[in-house]
Amino acid sequence: MSLMKSLMGAAAAVALTAGAALAEPALIFDLGGKFDKSFNEAAFNGAQRWADETGGSFREIELQSEAQREQALRRFADAGANPVITMGFAMADPLSTVAPDYPDTKFVVVDVTWLDAPNIRQIGFAEHEGSYLVGMLAAMASKSGTVGFVGGMDVPLIRHFGCGYAQGAKAVNPDIKIVANMTGTTPAAWNDPVKGSELTKAQISQGADVIYAAAGGTGVGVLQTAADEGVLSIGVDSNQNHLHPGKVLTSMLKRVDVAVYEAMKAGADVETGVFVLGLAEDGVGYALDENNEALVTDDMKSSVDEARQKIIDGELEVVSYYENDSCPALKF
């Protein structure tokens, strides 16, 4: 019995030292929740893949309000979580306040690339490049000559998506009409499927027969209404083709899942600095699977793949909204 006790004591001691040596990563989801089927859910899937592969565990929190941003960062850093991974551009200000107070903690942020801090890994995506490709597909699939774009919160990031989409659509059909609406000007715009549905109906009434949603959880309402009304939709961030098989033309993939997975895999050794992932890095792309293969013809696919390669090779430049805070192809 005493041998058993000493074995258990040794096991407990090993467990304690392992815990100290291997700090758990933490993941802070943006507003809209981890099961938004889009941006946050991609992050969750990446974290879950890491946990499944390693047997590790991660801490997490779904933010309910803006005030919780700084609290969550401090709480996880105080608890020894490393790295602390955060989602969304709205984490920029809280991070710039908190990170200097925890120099030994690594922070990772998706959709922020402009902070000056030695202990933050900043990950951006070339959303305009992926959006260009799905814009081409939208124009090729459209029979009406009008396509739509439903954005979430009206911020430069979402205009960046819309601008790439409009350029891709106009590359296929210079006369195409693009109807664009934003869901709102507050973070509530990321999780308002009812408003997404209303905007979709309004765009359909203006002739749109393919509608791209770049709106987080709001996009669920866009895709649902498009399917109900007999028009095509385009999903975003995660592969959303399966939500309405045969009715979602494609999804603009933003590999947030890979960014989170890689950060957790690197752990406290994660490299800091600014990283931007585009087509060349497979950071963005378009989804083709059994749910949408009947909608994307061989000609459509070869046209888009040719443009993809030209963008990677630098032969084709997709104008970034960020360059001049304006878009030549679309007036918001």
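How many residues of domain 1 are in contact with residues of domain 2? 14 residues of domain 1 touch 20 residues of domain 2; contact means heavy atoms within 4.5 Å.

This is a predicted model: local features need pLDDT of at least 70, side-chain atom pairs count only at pLDDT 80 or more, and totals for chains, interfaces and linings use all residues. Residues are numbered from 1 along each chain as its sequence is written, and side-chain values use heavy atoms, with hydrogens and water left out.

**The two domains**

Domain bounds come from an automatic or database assignment.

| Item | Value |
|---|---|
| Domain 1 | residues 2–10 + 19–126 + 257–277 |
| Domain 2 | residues 127–252 + 284–324 |
| Separation of the domain centres, over C-alpha atoms | 29 Å |

**The interface**

Domain 1 and domain 2 bury about 1200 Å² between them, with 59% of it on carbon and sulfur atoms. Buried area is the accessible area (1.4 Å probe) that two parts lose on being put together, summed over both. Lys 37, Phe 89 and Ala 126 supply 43% of the area that domain 1 buries against domain 2, more than any other three residues.

**An aromatic pair**

The count of aromatic pairs comes to seven; ring centres of Phe, Tyr or Trp (its six-membered ring) must lie within 6.5 Å. Phe 149 and Tyr 212 form an edge-to-face pair, 5.6 Å centre to centre with 70° between the planes. Edge-to-face means planes over 60 degrees apart; under 30 is stacked, and the rest are tilted.
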